[in-house]
Amino acid sequence: MNNTFKMMQTHRAVVLADYLPEFVRAHPSCEIHVGCDSQNYNQQTTYVTTVVLRYPGKGAHVLYQKIKHPQVKDMWSRLWKEIEYSMEVAQFIQDECGLKVHQIDLDFNENPDYASHKVLKAAVGYVQSMGFESKAKPHLLMATWAANSLCQ
């Protein structure tokens, strides 16, 4: 995994393995949330994976990584890749940085009227089997909100 991310506000590059442990030492009450979103545009699929360092009740600091692929037209495949990117980053944070990931944000909807609902149970099972907690829409999902903003 390429562990170079950018800061949302400044777009300055940081290396997660160096940056995250230092940041958490300086801000021990922050929670780490990971999420991913994707958009199809101009024959490409853009995936944005985010690491949100959340200060409960006081905002957040967002890091992101943007990756482009040839367009993934199949919804299931595109959404599953979002989970794979989130899990890869969460595992890296846990294993290489020695930090706890508070939550994996899944950009899927608990409401069965939405197409993403079809992926939700499999995604939650996968995330939980790897030892992480997850949340989906309509809950507060800072990491997928940030990823969606950066995909635009």
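Reader: Which residues does V51 touch?
Author: Leaving out residues up to four places away in sequence, V51 touches F5, L16, L20, I32, H33, V34, H61, V62, L63, V89 and I93. Keep in mind that this is a predicted model.

Reader: How many residues are in the largest nonpolar core, and which have the most contacts inside it?
Author: That core has 33 residues. V51 and L63 have the most contacts inside it.

Reader: Which elements give two or more residues to this core?
Author: Strand 1 (4-7), strand 3, strand 4 (44-55) and strand 6 do. So do helix 1 (16-26), helix 2 (75-97) and helix 3.

Reader: Which gives the most?
Author: Helix 2, with eight residues.

Reader: What about another core?
Author: Another core lies apart from the largest one. It has five residues, among them V48, Y64, A147 and C151.

Reader: New topic. Is strand 6 buried or exposed?
Author: Buried. Strand 6 covers residues 103-109, and seven of the seven are buried, so it is largely enclosed by the rest of the structure.

Reader: Which residues are on each side?
Author: Q103, D105, D107 and N109 are on one side. I104, L106 and F108 are on the other. Both faces are covered, and all of these residues are buried.

Reader: How many bridges does strand 6 have with strand 3, and in which sense do they pair?
Author: Three bridges, in the parallel sense. Strand 3 is residues 31-41. One of the pairings is V34 with I104 of strand 6.

Reader: And how many bridges join strand 6 to strand 7?
Author: Four, and these two strands run parallel. Strand 7 is residues 134-137. There, K137 is the bridge partner of N109.

Reader: Where does the chain go between strands 6 and 7?
Author: Through helix 3, residues 117-129. This β-α-β crossover is right-handed.

Reader: Last topic: cysteines. How many disulfides are there?
Author: Zero, from a search of the whole structure. C97 is in no disulfide, and the nearest cysteine sulfur, that of C30, is 12 Å away. C151 is in no disulfide either; for C151 the nearest cysteine sulfur belongs to C36, 7.1 Å away.

Reader: Why does C97 count as buried?
Author: Its relative accessibility is 10%, and buried means under 20%.

Reader: What about C151?
Author: C151 also counts as buried, at 11% relative accessibility.

Key:
Residues numbered from 1 in each chain as written. Predicted model: local features only at pLDDT ≥ 70, side-chain atom pairs only at ≥ 80, totals over all residues. Heavy atoms only, no water. Buried < 20%, exposed > 50% of the residue type's maximum accessible area, 1.4 Å probe, protein only. Pairing = 2+ DSSP bridges. Right-handed = clockwise from strand over helix to strand, strands pointing away. Disulfide = S-S within 2.5 Å. Core = buried A, V, L, I, M, F, W, Y, C linked by side-chain atoms within 4.5 Å. Contact = heavy atoms within 4.5 Å.
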